[in-house]
Each structure stands twice: as structure tokens, then as C-alpha cells.
Amino acid sequence: MMKVTDSSKSTKSGPNLTWSGRRHIIDTSDLTLDEVEYLFSIARRYRDGGPAALPLPQEFHGQGVANVFYENSTRTRSSFEFAGKVLRLNVVNIDSKVSSVNKGESIEDTGRNLAAMGFKIIIQRHSAAGACNLLVQAVGDKACIINAGEGASSHPSQALLDAMTMLECRDNLRGAKIAIIGDITHSRVARSNLWLLQLLGAEVHFAGPPTLMPSYLRELGAHVHLRPEEAIKAADFVMALRLQLERQQSGLIPSIDEYQRVFRIDHERLALGKPGIKVLHPQPMNRDIEITYSLADDQKFSLMDKQVSNGFALRMAILYTLLTQTKLTQTNKL
Ligand code: CP
């Protein structure tokens, strides 16, 4: 196993980190602290030095990465694609609108066929929770599976890039208070962040409309508030989540005006946090609905651009790690 030296800010000072051999990235709830630190240490090298900071060994050049997105995406899909290309991998985007899925082919058969062609990594976004586990069962040890967001359950690479971004502001997240505001029920980002932030020692406080707040969050260790002010008070970071506008049609919020009045994050609400508080948003965002225009663009507080650039580095780190640190059955030497 390759050892990496992490000389940057870290939640752990151990200089020699090793990868566990985990072959699939399905959710943050699966990851250990050592695995998270390992990915961060590689991602920071790419962030600071670009692809030349840790070149992918030549034996892996040209290997196949399939980007299979059954739902829309800008950031996740393009950053995995770009990350693969700068690492000299062959990245193929499978457009679900013209794939054989539209003729009734299953997720499992799609994955099995991609693995048989020799794709070493399959990155999947799907509307159904559990869709990546079906792929894992289908491909066995022939390919690595990366969950690029599924259902309302999980989006591990988003949570990892969020935490990596917060760690640019502090040495570690132990005892940090993080307020996550908005539609929690339908947010895969909220759930993957909850697991990861708690693993890193942070306190997670949720606030949102009661109709968009699952009842089980307290059992998972989260703090739940009715009003955003309670969650933001003395917080170190605030994460605004996208209001899925179709929820208004389904009667889950009284009106957009009411939502803006009570839950929109603006400079005034942010000022309730600790000095130095920062705001994040996973994007896409509805400007002026969940966050004001002026706050989203205020570089004194907003970490949104950093989230996106860290996402690119983090996704390079995931591809690098899965290719070089896992043992796959060689089905097709490309
Ligand atoms: N944050 C995020 O997942 O964005 P995309 O839907 O554009 O990938």
C-alpha cells in the first residue's frame, strides 16, 4: 500500500496514512477517519500542485472511466470527467437519454457490460437510493463504483469536498458547529454531510420547515431547530441547501415568499454566528430564495468557489486512490 505524507492542516497529525483497500465509494457512513484523511491528503496535493503533484503511474494511463448519470449534473459530472482526463484516463460519458436503459436494460446489466468492456471505474448518479449497491453486486471485483449522488440518501464526494473546504479555515473540525439550513428531507448532501461531519468531530445543527425535516435526525446525533437563528447562533459554518421548487407545488411549504422570509440566509442571519463564520452551498442554488445574491457573492463569507475547485482536486484524489490502491480483476488490458 502506498503511504502518503500529509504536511497540511489535518484533523489528525499522523504522517503516514494508508488506504484500506476499499474498492467502492458509496457513502460517507462507510468511511473511516483514516480513509477520509488519506483522500484529503491526496486531494490537497492536487489542489496545491495540479496533476503533476502526484502523477498517475503510467501503467494506469488510458484506463476506462464510465460516467453514468441518470440525473442532471453540472459540477459532479464535469469535475469527474475533467479529473479523469487530466490524470490521462479514458473517460466516457454515458448519456442515459440515449442508452439502452431506455429499452428496459437494468442498472445491473448496464454495469456488468461496462465492466466486461474493461471500464475500471463506474461513476453513477441515480434518483433511487441503493442504486450503487446494485452496481456493486453486479460488477463484483471487476470495477470500482463511485456514487455521484443518489436519491435523497447520499452524495459522498460532495460531503468530502465540503469538509475539505471547511478545513481550509480551521486546523480541524472537532467541536465546530455547523448549521445546515433548508430542505433536509430531500437532501442527499445533508445526510452525507451529517455522517462525515460527525466522524470529524463536528456538531451538526439542522433547521428548516417542519414538513421538510425528517423525524429521525436526533437519533442520528443531530441537533434539530425550528428557526434558522437557533441553528446559526455561535456557528462556525452555515450551509444553505437548495429549495427544490417543485416542493411548493406539493404543498410542503406555504409559499416561496414565506420561505424567503423565514429561512433565507443573508448577512443579518449570518452575523449571529461566530466571528469568522463562513457560508457554503453545494449548488445549484436558487439565488435570493435560500441565500441572498449579495451573500452568495461576498468573498469575505462565501466558500462556494472554493467548494467547486476543491471538488475537482478531491475527485482526482478518489480516482487516483481507487485505481492505484485497490485490486481489480483484469478483464481487459486497455
Ligand atoms: N452539487 C452538485 O452535486 O452539483 P451537480 O448536481 O451540478 O453535480
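Visitor: What pLDDT does the protein chain average, and over which residues is the pLDDT below 50?

Guide: Happy to start there: the chain averages a pLDDT of 93, and 93% of the residues score at least 70. Where pLDDT is low, the predicted coordinates should not be read in detail.

Visitor: Which elements give two or more residues to the lining of the largest pocket?

Guide: Let's begin with the pocket itself, whose volume is about 520 Å³. Its lining has 24 residues, with Arg125, Arg188, Arg242, Gln283 and Pro284 nearest the centre. Domain 1 (4-155 + 309-324) and domain 2 (169-302) each supply at least three lining residues. The elements you asked for are helix 2 (75-86) and helix 6 (188-199).

Visitor: How many charged residues does the lining of the largest pocket have?

Guide: Good one to split by class. Five lining residues are nonpolar and twelve are polar. The charged residues number seven.

Visitor: Is the pair of Tyr46 and Tyr320 stacked or edge-to-face?

Guide: The model has four aromatic pairs. In the pair of Tyr46 and Tyr320, the ring centres lie 6.2 Å apart. This pair links distant parts of the chain, with Tyr46 in helix 1 (residues 33-49) and Tyr320 in helix 12 (residues 304-325), 274 residues apart. Because the ring planes stand at 70° and angles over 60 degrees count this way, the pair is edge-to-face.

Note on methods:
Residues numbered from 1 in each chain as written. Predicted model: local features only at pLDDT ≥ 70, side-chain atom pairs only at ≥ 80, totals over all residues. Heavy atoms only, no water. pLDDT = per-residue confidence, 0-100. 1 Å grid on protein atoms, 1.4 Å probe; cavity = no way out; pocket = protein on both sides within 12 Å on 5 of 7 lines; lining within 4 Å. Points joined across faces, edges and corners; volume = space filled by probe spheres on them. Helix = DSSP H or I, 4+ residues; strand = E, 2+ residues; numbered from the N terminus. Nonpolar A, V, L, I, M, F, W, Y, C, P; charged D, E, K, R; others polar. Domains from an automatic or database assignment. Phe/Tyr/Trp six-rings, centres within 6.5 Å; stacked < 30°, edge-to-face > 60°.
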